[in-house]
Structures are given as structure tokens and as C-alpha cells.
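Open the model in your viewer and keep the selection tool at hand.

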Amino acid sequence: MLTDMQIAVIGGDARQLEVVRKLTELDAKLFLVGFEQLDHAFTGAVKEKLEDINFTELDAVILPVRGTDSTGKVETIFSSEDVFLTESMINDTPKDCVFYSGISNDYLDRLFKEANRKLVLLFERDDVAIYNSIPTVEGAIMMAIQHTDFTIHGSDVAVLGLGRVGMSVARSFQALGAKVKVGARKSEDIARITEMAIIPFHLNDLASEMKNVDICINTIPFPIITADVLANMPVHTLIIDLASKPGGTDFRFAEKRGIKALLAPSLPGIVAPKTAGQILANALGVLIQGEFLKRKGKKL
Ligand code: NAP
């Protein structure tokens with residue numbers, strides 16, 4: 001339980017409601033910033049304005065999945081007021097206050113380096129990233145259905161990257177009856193793709209491998225679908241770029257060639273906010289309890 005812990009939840013979308021639910025169940029005392037338009041009330045959680053938060057008494061601060069933007073602005077879909085996370089707020093927290101976010105950016109990296117506080121990035125954890133790949137794949141399937149006039153079954157699908165998302169994408173499209181091939185650069189990934197009974201190819205051969213592809217799903221956060229690669233794709237190919245912004249596709253050249261290329265960020269929050277929120281809530285519950293017990297000198 002998190003009795004006596006004081007936690008600020010600053011901003012976020014519907015996923016954050018699952019986090020609030022979980023942490024109130026664990027008996028933490030929550031301060032919700034950027035939630036004044038939310039009708040629902042949670043026992044043990046009070047809605048506050050940022051300026052009314054006493055940062056000196058906080059044990060943890062939970063930011064939205066994207067953290068902040070490059071100016072420190074926090075996304076608050078349940079509020080009309082702008083909320084900014086500043087250096088002085090971080091400096092006001094006790095030294096052992098832990099901050100949690102999905103991902104980081106240059107702004108947060110700089111702030112936390114200078115403030116000497118711990119920032120935990122949930123999506124850097126394998127467990128969270130693998131669980132989160134499930135709603136991501138469902139979103140990719142939804143997009144493939146919405147943006148093509150042919151079935152996934154029987155179509156030629158190329159998946160780029162065999163990371164946590166790429167593996168789930170490849171497996172799911174294969175299970176739907178697509179003819180899947182996966183591009184990777186490591187020999188162990190080529191071996192794993194082969195073991196999965198999927199056709200492997202080396203990313204060095206990416207351009208030539210694109211000749212008969214109906215759907216190309218990119219998970220590599222690097223400019224990988226270049227003009228050369230696009231020049232080899234049929235015009236009917238649908239590109240679903242799952243890699244974090246700005247994606248891995250030369251979108252300008254794709255448009256010039258008449259190839260439909262879609263950058264598809266934050267699919268879990270779009271297709272399954274409840275599940276995506278529960279994934280974060282479960283991870284946060286374990287992490288914050290671990291931190292709490294560590295302070296009390298106990299093992300989880
Ligand atoms: P991951 O496990 O780190 O996998 C990334 C993959 O990209 C690996 O196969 C990696 O290969 C490959 N890669 C990285 N840089 C490369 C380069 N320069 N050249 C060739 N291959 C390269 O990441 P993940 O968890 O699968 O996530 C993949 C991307 O999807 C990330 O950008 C993530 O933010 C994003 N994402 C998007 C959504 C959404 O809703 N759209 C949801 C979840 C995640 P190596 O192992 O050889 O480096």
C-alpha cells in the first residue's frame with residue numbers, strides 16, 4: 001500500500017485516469033493538476049491548481065506519457081489552462097522525490113540533469129513496451145483495414161524492425177494470413193525471424209525487397225524509408241509508420257510518388273486508452289511501491 005505517500009499527477013489523457021484509479025486503490029494521497037473539467041471524482045484524490053501544489057512535500061510526480069513538449073508544456077486534455085513543468089518546481093521537491101514519464105525529450109533531459117532528481121521513463125522498460133505493443137498492433141491493424149481496399153489476409157506485408165513493436169506486428173499480421181517478411185540488421189534478429197516462420201531480409205536489401213509489398217509497417221525510429229526505397233515500391237503500397245515522431249519515412253517524397261504514408265503515433269491511447277492506462281498503472285503501482293518500501297528499508 002502507498003498510505004501516507006503524496007503524489008501529484010500532472011496532466012495527461014484518459015490513460016491517466018487508470019493511473020489515478022490504481023494509486024487511489026493503493027491509498028496514496030493524490031493531487032490532480034489539469035483535471036478540472038473531469039466530472040468523475042476519485043476518493044483520495046483532490047483536483048488542484050499547479051500553483052497550489054506544495055512541491056516540498058511530494059514523494060512522486062507523474063507526468064503524461066509524452067512528458068512535456070520542448071517548452072515544458074504538459075498536455076492536459078481535461079483542462080483549458082496551460083500547465084508548464086518548470087525547473088523551480090523540480091528543485092522544490094525533496095531530493096528523493098521520483099518523477100515518472102512515458103518518454104523524455106531534450107527539455108526534460110536538461111531539467112533533470114541539472115536538478116539531480118530521478119526521472120523514470122516507463123516506455124524504456126521492456127515489460128511496459130511489450131505490453132504496450134498489444135494495443136499498438138491493434139491500432140496498426142485498424143489502420144490497415146481503414147486505408148486499403150484489400151484484405152490483410154493474402155497481402156504482402158513488410159515489417160521493418162524486430163524490436164518490441166516489430167515482433168508483435170509481424171506475429172499478428174502473420175496470424176491474420178498475410179504473407180509477412182521482416183527486415184532487420186542483426187544476424188540474431190534474422191535468425192529469430194526465421195524461427196518465427198517469417199521471411200527475413202537484411203535492411204541492406206530494403207529497396208529491392210519493396211517491389212511487391214502491399215503494406216509496409218515501419219517500427220524503426222530512423223530515416224529508413226528513403227526516396228530510394230520509395231522509388232521501388234508499387235504506388236498502391238500503404239505505409240504505416242509506427243516509429244516515434246518524425247517517423248522513418250520520407251513523407252514528402254512518398255506524397256510526390258502518390259504513395260499513401262501515414263505517421264501513426266500514440267495508437268494505444270487512441271484505440272484502447274483503458275488498457276493502455278492499465279498497463280501504465282500496473283507498472284507505476286509496482287515501481288512506486290518498490291520505491292516506498294526501499295525508503296522504509298524493506299524488500300518487495
Ligand atoms: P525497440 O524495441 O527499440 O525496436 C526498435 C527497432 O528499430 C529494433 O529492431 C532496432 O534494431 C531498429 N533500429 C533502430 N535504429 C535503427 C537503425 N538506425 N537502423 C536499423 N534499425 C534500427 O523499440 P520498440 O519498442 O519496438 O518501438 C519502436 C518504435 O515505435 C519507437 O519509435 C517507439 O517510440 C514507437 N512506438 C510507437 C507506438 C505508436 O503508437 N505508434 C507505440 C509504441 C511504440 P537494432 O536492435 O538492430 O538496433
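Select helix α4 (residues 126-146) and helix α11 (residues 273-295): their axes cross at roughly 170 degrees and come within 9 Å, so the two are roughly antiparallel (angles over 145 degrees count as such). Axes here are lines fitted to C-alpha atoms over the stretch in contact, with angles from 0 to 180 degrees between N-to-C directions; helices are DSSP runs of H or I, at least four residues, and strands runs of E, at least two, numbered from the N terminus. Show side chains for Val-128, Tyr-131, Asn-132 and Pro-135 of α4, and for Ala-276, Ile-279, Leu-280 and Ala-283 of α11, which make the contact (heavy atoms within 4.5 Å).

This is a predicted model, in which local features need pLDDT of at least 70, side-chain atom pairs count only at pLDDT 80 or more, and totals for chains, interfaces and linings use all residues. Residues are numbered from 1 along each chain as its sequence is written, and side-chain values use heavy atoms, without hydrogens and water.

Next, select the ligand. Which side chains have an N or O atom at 2.8 Å and 2.7 Å from a ligand oxygen? Arg-185 is at 2.8 Å and Lys-186 at 2.7 Å. From Ser-244, a backbone N or O atom lies 2.9 Å from a ligand oxygen.

Move to Pro-246, in the loop between β13 (238-241) and α9 (251-257). The peptide bond from Lys-245 to Pro-246 is cis, with omega near 10 degrees.

Finish at Asp-27, in the loop between α1 (14-25) and β2 (29-33). Its phi is positive, near 75 degrees. Most residues other than glycine have a negative phi, and most peptide bonds are trans.

Methods
Parallel < 35°, antiparallel > 145°, perpendicular 65-115°, else oblique. Polar contact = N/O pair within 3.5 Å; in protein donor to acceptor, adjacent residues only side chain to side chain.
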